[in-house]
Amino acid sequence: MVKKVLISQPRPAVLEKSPFYDLATKYGVEIDYKPLIRVVGVTLKEFRSQRIEILDHTAVIFTSRTTVDSFFRICEEARITVPETMKYICNTEAVALYLQKYIIYRKRKISFADGSFTGLLELIIKHKAERFLLALSEPHKPELPEALAKLKIDFDPVILAKTVVADMEGIRPADYDAMALYSPSDVKSVVESFGVEGLPVIATFGEATLRAAIEAGLNVRASAPSPEAPSMAKALDLYIGKLSRGEEVAEVEMKNDSTNEEFIRTQQSKLAKKSRVRHRP
């Protein structure tokens with residue numbers, strides 16, 4: 001039976017609008033919101049140690065607001081004037097709109113994708129003539145830089161933010177029946193802070209988080225997104241519902257998804273054909 005769940009996210013401003021509020025009401029479950037990690041920008045010294053010249057690039061790829069903040073702070077501290085001609089490629093509209101904090105929003109300078117991996121790749125390919133600076137957090141998923149390398153996109157990765165363990169004071173894993181983790185960094189934070197023994201059931205969001213949890217030896221019984229559970233709230237709903245009906249819930253297993261790899265191969269083929277056409281005498 002599940003009585004108390006830890007969600008590794010900040011507490012919502014309006015609890016009643018959270019999908020976990022409905023979960024708590026439905027099953028009488030107590031929900032605690034406690035971030036297990038925090039993301040901070042790198043120092044100017046850490047940036048310079050990477051030997052990256054911002055002005056050597058004509059476009060920047062952003063996938064988070066934290067890297068946007070860090071990029072413009074680094075430019076200010078290093079007294080780098082970003083040219084008006086710089087283009088910005090963002091994975092979502094929210095990140096693109098966030099750029100208004102630093103620059104005037106112009107569609108010819110700022111482009112955004114739909115939040116999907118393939119959508120971002122397609123957008124980058126549309127601007128493939130640019131020399132990109134790929135703004136990353138550490139740790140990060142390797143899929144995007146690996147895909148850009150395979151597609152022979154001219155880019156340089158740069159670490160602009162890093163993930164550190166949040167203050168764990170007051171957190172006792174034994175108090176919870178389930179912990180919902182959203183990133184591999186959440187997994188690392190939990191394991192480094194508490195070990196593996198004695199942890200409650202784990203719910204994960206995202207393929208990378210699931211892989212990290214399984215490799216760490218955690219007891220994963222719920223996972224999202226999936227066709228049945230597009231959100232963490234739904235994954236927990238299904239898990240708690242099964243338990244309340246007296247059903248056994250098996251450990252979640254890792255499944256290989258070849259969709260992104262197939263997309264990359266298709267784009268490689270298209271780019272190769274275009275290259276042959278351009279160079280045909």
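Thr204 is buried in this predicted model, with a relative accessible area of 0%. The residue belongs to strand β10, which covers residues 201–205. Leaving aside residues up to four places away in sequence, Thr204 touches Leu181, Thr209, Leu210, Ala213, Val220, Ala222, Ser223, Ala224 and Met232.

Met232 also takes part in a helix pair. Helix α9 (residues 232–244) packs with helix α1 (residues 19–27) at an angle of about 10°, and the two axes lie 9 Å apart. The two helices are therefore roughly parallel to each other. On the α1 side the pair involves Pro19, Phe20, Leu23, Lys26 and Tyr27, which meet Met232, Ala233, Leu236, Asp237, Ile240, Gly241 and Ser244 of α9.

**The sheet**

Six strands form an open sheet in the order β3-β8-β7-β4-β5-β6, and their pairing is mixed. The edges are taken by β3 and β6 (110–112), each of which has a single partner strand, so one side of each is left without a neighbour in the sheet. From one strand to the next, the twist averages 25°. Within this sheet, β4 (residues 59–62) pairs with β5 (residues 87–90) in the parallel sense, over four bridges. In this pair, Phe62 stands opposite Cys90 of β5. Helix α5 (residues 117–126) packs on the sheet, where it touches β4, β5, β6 and β7 (132–138). The direction of α5 makes about 160° with that of β5.

The loop between β3 and α2 (44–48) contains Thr43. With a relative accessibility of 39%, Thr43 counts as partly exposed. Thr43 and Ala161 are 118 residues apart in sequence, yet their C-alpha atoms are 8.8 Å apart in space.

Helix α3 (residues 65–77) comprises 13 residues and spans 18 Å from its first C-alpha to its last, close to the 18 Å expected at 1.5 Å a residue. Its buried residues are Thr67, Val68, Ser70, Phe71, Phe72, Ile74 and Cys75. After α3 comes Arg79, with a positive phi near 60°.

In helix α7 (residues 184–194), the buried positions are Ser185, Asp186, Val187, Ser189 and Val190. These residues pack against β3 (37–41), β8 (155–165), β9 (178–181) and α8 (207–215). Gly195 follows α7 and has a positive phi, near 80°.

**Cysteines**

A search of the whole structure finds zero disulfides. For a disulfide, the two sulfur atoms would have to lie within 2.5 Å. Cys75 is buried, with a relative accessible area of 3%, and Cys90 is buried as well, at 0%.

| Residue | Relative accessible area | Class |
|---|---|---|
| Thr43 | 39% | partly exposed |
| Cys75 | 3% | buried |
| Cys90 | 0% | buried |
| Thr204 | 0% | buried |

Terms used: Residues are numbered from 1 along each chain as its sequence is written. This is a predicted model: local features need pLDDT of at least 70, side-chain atom pairs count only at pLDDT 80 or more; totals for chains, interfaces and linings use all residues. Side-chain values use heavy atoms; hydrogens and water are left out. Buried means under 20% relative accessible area, exposed over 50%, partly exposed in between (1.4 Å probe, protein chains only). Contact means heavy atoms within 4.5 Å. Two strands pair if DSSP finds at least two bridges between them. Axes are lines fitted to C-alpha atoms, for helices over the stretch in contact, and angles run from 0 to 180 degrees between N-to-C directions. The expected span of a helix is 1.5 Å times one less than its number of residues. Angles under 35 degrees count as roughly parallel, over 145 as roughly antiparallel, 65 to 115 as roughly perpendicular and the rest as oblique.
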